[in-house]
Amino acid sequence: MQDALLTIGRFARLCRLSVKQLRHYDDTGLLAPVRVDSGSGYRYYAPEQARDALTIALLREMDLPLAVIAQALAAGPERRAGILRAERDRLAERISRYQARLEMLERLAEGGLPGYEVRLGREPERRLAVVRAVCSPAGIGAGVEECMGRLLPLLGTRAIAWEPPLWGLYPLDLEERMEVAVGAQTPQGEGVPGPEFEVLPGGLVAETTHLGSYGQLPLAYNALFAAIHERGLRPRAPVREAYLVGPAETPQEELMTRLVIPVQESTA
(Lines give C-alpha, C1' and ligand atoms only; values in the text may rest on other atoms or scores of the structure.)
Protein backbone atom coordinates (compact mmCIF):
# COMPACT_ATOMS: atom_id res chain seq x y z
CA MET A 1 0.00 0.00 0.00
CA GLN A 2 2.77 2.43 0.98
CA ASP A 3 4.64 1.81 -2.28
CA ALA A 4 1.51 2.61 -4.32
CA LEU A 5 1.07 6.02 -2.68
CA LEU A 6 2.53 9.24 -4.02
CA THR A 7 4.20 12.00 -2.06
CA ILE A 8 2.50 15.36 -2.21
CA GLY A 9 5.19 16.66 -4.55
CA ARG A 10 4.82 13.80 -7.05
CA PHE A 11 1.03 13.96 -6.83
CA ALA A 12 1.10 17.73 -7.43
CA ARG A 13 3.18 17.24 -10.59
CA LEU A 14 0.88 14.46 -11.77
CA CYS A 15 -2.17 16.74 -11.42
CA ARG A 16 -0.46 19.93 -12.59
CA LEU A 17 -1.22 21.55 -9.26
CA SER A 18 0.98 23.21 -6.68
CA VAL A 19 1.80 21.73 -3.30
CA LYS A 20 0.25 24.84 -1.75
CA GLN A 21 -3.05 24.17 -3.55
CA LEU A 22 -3.15 20.55 -2.36
CA ARG A 23 -2.47 21.62 1.21
CA HIS A 24 -5.29 24.15 0.97
CA TYR A 25 -7.68 21.51 -0.40
CA ASP A 26 -6.73 19.28 2.53
CA ASP A 27 -7.13 22.05 5.10
CA THR A 28 -10.61 22.88 3.78
CA GLY A 29 -11.68 19.23 3.67
CA LEU A 30 -12.03 19.21 -0.10
CA LEU A 31 -9.39 16.59 -0.92
CA ALA A 32 -7.69 14.83 1.97
CA PRO A 33 -4.62 12.62 1.45
CA VAL A 34 -5.19 8.93 2.09
CA ARG A 35 -2.35 8.92 4.62
CA VAL A 36 -0.49 11.44 6.75
CA ASP A 37 2.71 10.27 8.44
CA SER A 38 2.28 10.82 12.17
CA GLY A 39 5.93 11.54 12.68
CA SER A 40 6.89 13.75 9.75
CA GLY A 41 3.44 15.07 8.80
CA TYR A 42 4.10 14.13 5.15
CA ARG A 43 0.99 13.71 3.05
CA TYR A 44 0.53 10.75 0.70
CA TYR A 45 -2.03 10.43 -2.09
CA ALA A 46 -3.39 7.49 -4.06
CA PRO A 47 -3.14 7.66 -7.88
CA GLU A 48 -6.91 7.26 -8.19
CA GLN A 49 -7.34 10.60 -6.40
CA ALA A 50 -5.93 12.34 -9.45
CA ARG A 51 -9.34 12.52 -11.15
CA ASP A 52 -10.88 14.41 -8.21
CA ALA A 53 -7.84 16.69 -7.97
CA LEU A 54 -8.01 17.55 -11.67
CA THR A 55 -11.76 18.13 -11.44
CA ILE A 56 -11.28 20.48 -8.49
CA ALA A 57 -8.66 22.43 -10.40
CA LEU A 58 -10.92 22.68 -13.45
CA LEU A 59 -13.90 23.92 -11.44
CA ARG A 60 -11.77 26.40 -9.49
CA GLU A 61 -10.53 27.78 -12.82
CA MET A 62 -14.21 28.53 -13.50
CA ASP A 63 -14.42 30.39 -10.14
CA LEU A 64 -16.81 27.92 -8.54
CA PRO A 65 -16.78 28.27 -4.73
CA LEU A 66 -15.01 25.51 -2.82
CA ALA A 67 -18.23 24.67 -0.97
CA VAL A 68 -20.04 24.07 -4.27
CA ILE A 69 -17.17 21.93 -5.57
CA ALA A 70 -17.30 19.83 -2.39
CA GLN A 71 -21.03 19.27 -2.87
CA ALA A 72 -20.52 18.26 -6.50
CA LEU A 73 -17.75 15.78 -5.67
CA ALA A 74 -19.80 14.18 -2.91
CA ALA A 75 -22.98 13.90 -5.01
CA GLY A 76 -24.13 11.16 -7.33
CA PRO A 77 -24.23 11.76 -11.10
CA GLU A 78 -27.78 13.15 -11.23
CA ARG A 79 -27.36 15.45 -8.24
CA ARG A 80 -23.92 16.56 -9.49
CA ALA A 81 -25.42 17.51 -12.86
CA GLY A 82 -28.06 19.60 -11.09
CA ILE A 83 -25.43 21.42 -9.02
CA LEU A 84 -23.31 22.22 -12.07
CA ARG A 85 -26.32 23.38 -14.10
CA ALA A 86 -27.32 25.72 -11.28
CA GLU A 87 -23.81 27.21 -11.35
CA ARG A 88 -24.05 27.47 -15.14
CA ASP A 89 -27.29 29.44 -14.81
CA ARG A 90 -25.74 31.78 -12.24
CA LEU A 91 -22.77 32.34 -14.54
CA ALA A 92 -25.07 33.07 -17.48
CA GLU A 93 -26.93 35.62 -15.36
CA ARG A 94 -23.67 37.34 -14.41
CA ILE A 95 -22.57 37.40 -18.05
CA SER A 96 -25.90 38.97 -19.00
CA ARG A 97 -25.46 41.68 -16.36
CA TYR A 98 -21.91 42.39 -17.50
CA GLN A 99 -23.04 42.56 -21.12
CA ALA A 100 -25.68 45.12 -20.19
CA ARG A 101 -23.04 47.16 -18.35
CA LEU A 102 -20.75 47.02 -21.37
CA GLU A 103 -23.56 48.30 -23.57
CA MET A 104 -24.30 51.14 -21.15
CA LEU A 105 -20.63 52.12 -20.98
CA GLU A 106 -20.43 52.12 -24.77
CA ARG A 107 -23.55 54.26 -25.00
CA LEU A 108 -22.16 56.69 -22.43
CA ALA A 109 -18.78 56.79 -24.17
CA GLU A 110 -20.37 57.58 -27.53
CA GLY A 111 -22.81 60.26 -26.48
CA GLY A 112 -22.69 60.89 -22.74
CA LEU A 113 -25.83 60.51 -20.65
CA PRO A 114 -28.77 60.07 -23.02
CA GLY A 115 -31.50 62.67 -22.92
CA TYR A 116 -34.83 61.61 -21.46
CA GLU A 117 -37.91 63.77 -21.39
CA VAL A 118 -39.19 63.66 -17.81
CA ARG A 119 -42.84 64.63 -17.50
CA LEU A 120 -45.02 65.46 -14.50
CA GLY A 121 -48.61 64.35 -14.71
CA ARG A 122 -51.43 62.69 -12.87
CA GLU A 123 -51.84 58.93 -12.89
CA PRO A 124 -55.30 57.38 -12.44
CA GLU A 125 -56.03 54.79 -9.79
CA ARG A 126 -55.28 51.32 -11.11
CA ARG A 127 -56.49 47.98 -9.80
CA LEU A 128 -54.06 45.18 -10.57
CA ALA A 129 -54.04 41.41 -10.27
CA VAL A 130 -50.46 40.76 -9.11
CA VAL A 131 -48.08 37.95 -8.31
CA ARG A 132 -44.99 38.58 -6.21
CA ALA A 133 -41.48 37.25 -5.74
CA VAL A 134 -38.63 37.96 -3.33
CA CYS A 135 -35.18 38.45 -4.84
CA SER A 136 -31.88 40.31 -4.54
CA PRO A 137 -30.99 43.30 -6.74
CA ALA A 138 -28.91 41.01 -8.94
CA GLY A 139 -31.88 38.65 -9.29
CA ILE A 140 -34.50 41.20 -10.32
CA GLY A 141 -34.65 39.87 -13.87
CA ALA A 142 -35.17 36.31 -12.71
CA GLY A 143 -37.76 37.46 -10.14
CA VAL A 144 -39.76 39.31 -12.79
CA GLU A 145 -39.60 36.33 -15.14
CA GLU A 146 -40.88 34.11 -12.34
CA CYS A 147 -43.79 36.48 -11.70
CA MET A 148 -44.68 36.66 -15.38
CA GLY A 149 -44.48 32.89 -15.65
CA ARG A 150 -47.08 32.58 -12.89
CA LEU A 151 -49.32 35.47 -13.98
CA LEU A 152 -49.61 34.95 -17.74
CA PRO A 153 -51.24 31.49 -17.52
CA LEU A 154 -53.90 32.95 -15.22
CA LEU A 155 -54.61 35.74 -17.68
CA GLY A 156 -54.67 33.26 -20.54
CA THR A 157 -57.51 31.28 -18.96
CA ARG A 158 -59.83 34.29 -19.40
CA ALA A 159 -60.73 33.92 -15.73
CA ILE A 160 -59.41 37.46 -15.33
CA ALA A 161 -60.45 40.22 -17.71
CA TRP A 162 -57.43 42.50 -18.05
CA GLU A 163 -56.13 45.46 -19.97
CA PRO A 164 -52.58 45.67 -21.37
CA PRO A 165 -49.87 46.55 -20.63
CA LEU A 166 -48.34 44.42 -17.92
CA TRP A 167 -46.92 46.37 -14.98
CA GLY A 168 -43.80 45.76 -12.90
CA LEU A 169 -43.81 47.04 -9.30
CA TYR A 170 -40.56 47.68 -7.41
CA PRO A 171 -39.44 49.21 -4.09
CA LEU A 172 -37.61 52.52 -4.01
CA ASP A 173 -34.61 51.04 -2.19
CA LEU A 174 -32.79 48.05 -3.69
CA GLU A 175 -32.16 45.89 -0.64
CA GLU A 176 -30.58 42.45 -0.41
CA ARG A 177 -34.01 40.86 0.07
CA MET A 178 -36.78 42.79 -1.64
CA GLU A 179 -40.20 42.12 -3.09
CA VAL A 180 -41.03 42.65 -6.76
CA ALA A 181 -44.36 42.10 -8.46
CA VAL A 182 -45.89 41.89 -11.91
CA GLY A 183 -49.52 42.87 -12.40
CA ALA A 184 -52.25 43.33 -14.95
CA GLN A 185 -54.97 45.97 -14.70
CA THR A 186 -58.33 44.34 -14.14
CA PRO A 187 -61.80 45.53 -13.13
CA GLN A 188 -62.73 42.23 -11.52
CA GLY A 189 -61.41 38.86 -10.45
CA GLU A 190 -61.87 38.31 -6.70
CA GLY A 191 -62.14 34.64 -5.95
CA VAL A 192 -59.78 33.62 -8.76
CA PRO A 193 -57.03 31.44 -7.22
CA GLY A 194 -53.45 32.56 -7.74
CA PRO A 195 -53.06 36.34 -7.90
CA GLU A 196 -53.52 38.98 -5.25
CA PHE A 197 -55.35 42.19 -6.01
CA GLU A 198 -53.80 45.56 -5.31
CA VAL A 199 -55.06 49.09 -5.87
CA LEU A 200 -52.41 51.59 -6.89
CA PRO A 201 -53.61 55.03 -5.82
CA GLY A 202 -53.75 57.78 -8.38
CA GLY A 203 -51.97 61.08 -8.03
CA LEU A 204 -48.97 63.12 -9.10
CA VAL A 205 -46.21 61.17 -10.86
CA ALA A 206 -42.97 61.77 -12.70
CA GLU A 207 -42.50 59.61 -15.76
CA THR A 208 -40.31 58.97 -18.76
CA THR A 209 -40.15 56.43 -21.58
CA HIS A 210 -37.20 54.18 -22.27
CA LEU A 211 -36.56 52.76 -25.72
CA GLY A 212 -34.12 49.84 -25.69
CA SER A 213 -33.13 46.79 -23.68
CA TYR A 214 -34.08 46.29 -20.06
CA GLY A 215 -30.39 46.15 -19.24
CA GLN A 216 -30.14 49.88 -20.03
CA LEU A 217 -33.07 50.91 -17.83
CA PRO A 218 -30.64 52.33 -15.20
CA LEU A 219 -29.92 55.18 -17.66
CA ALA A 220 -33.60 56.13 -17.66
CA TYR A 221 -33.84 55.82 -13.88
CA ASN A 222 -30.80 58.07 -13.53
CA ALA A 223 -32.55 60.81 -15.51
CA LEU A 224 -35.89 60.26 -13.77
CA PHE A 225 -34.61 60.39 -10.18
CA ALA A 226 -32.32 63.35 -11.00
CA ALA A 227 -35.30 65.31 -12.34
CA ILE A 228 -37.41 64.43 -9.30
CA HIS A 229 -34.81 65.70 -6.85
CA GLU A 230 -33.99 68.78 -8.92
CA ARG A 231 -37.69 69.77 -8.79
CA GLY A 232 -37.82 69.41 -5.01
CA LEU A 233 -40.10 66.39 -5.10
CA ARG A 234 -40.06 63.21 -3.01
CA PRO A 235 -40.39 59.83 -4.73
CA ARG A 236 -42.80 57.29 -3.31
CA ALA A 237 -43.13 53.55 -3.69
CA PRO A 238 -43.87 51.52 -5.62
CA VAL A 239 -41.80 52.35 -8.67
CA ARG A 240 -43.81 51.24 -11.70
CA GLU A 241 -42.78 49.98 -15.12
CA ALA A 242 -45.35 49.60 -17.89
CA TYR A 243 -44.13 47.24 -20.62
CA LEU A 244 -45.61 48.96 -23.66
CA VAL A 245 -43.72 46.86 -26.22
CA GLY A 246 -42.29 43.60 -24.88
CA PRO A 247 -39.72 41.00 -25.95
CA ALA A 248 -42.32 38.87 -27.74
CA GLU A 249 -43.14 41.76 -30.08
CA THR A 250 -39.83 43.33 -31.05
CA PRO A 251 -36.01 43.05 -30.83
CA GLN A 252 -34.30 44.14 -27.59
CA GLU A 253 -33.22 47.51 -28.99
CA GLU A 254 -36.86 48.41 -29.77
CA LEU A 255 -38.43 47.51 -26.42
CA MET A 256 -40.53 50.35 -25.01
CA THR A 257 -40.95 50.78 -21.27
CA ARG A 258 -42.79 53.53 -19.44
CA LEU A 259 -41.26 54.37 -16.05
CA VAL A 260 -43.61 55.92 -13.50
CA ILE A 261 -42.72 57.11 -10.00
CA PRO A 262 -45.34 58.63 -7.67
CA VAL A 263 -44.09 61.90 -6.17
CA GLN A 264 -45.14 64.45 -3.59
CA GLU A 265 -44.01 67.91 -2.60
CA SER A 266 -40.98 67.76 -0.33
CA THR A 267 -41.55 68.90 3.27
CA ALA A 268 -37.91 69.92 3.63
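This is a short tour of the structure, from the whole chain to one residue.

The model is predicted: local features need pLDDT of at least 70 and side-chain atom pairs count only at pLDDT 80 or more, while totals for chains, interfaces and linings use all residues. Residues are numbered from 1 along each chain as its sequence is written, and side-chain values use heavy atoms, with hydrogens and water left out.

**Whole protein.** Show the C-alpha trace, which spans about 85 × 50 × 40 Å along its principal axes. The radius of gyration is 27 Å, whereas a compact globule of 268 residues would have one near 18 Å (taken over C-alpha atoms; the globule rule is 2.2 Å times the number of residues to the power 0.38). Colour by secondary structure to see seven helices and twelve strands (DSSP runs, numbered from the N terminus: helices are H or I of at least four residues, strands E of at least two).

**Phe225.** Move to helix 7, residues 217-230, and pick Phe225. Its relative accessible area of 24% makes Phe225 partly exposed (buried is under 20%, exposed over 50%, partly exposed in between; 1.4 Å probe, protein chains only). Leaving aside residues up to four places away in sequence, Phe225 touches Leu172, Pro235, Val239 and Ile261 (contact means heavy atoms within 4.5 Å). Ile261 is 36 residues from Phe225 along the chain, and their C-alpha atoms are separated by 8.8 Å.
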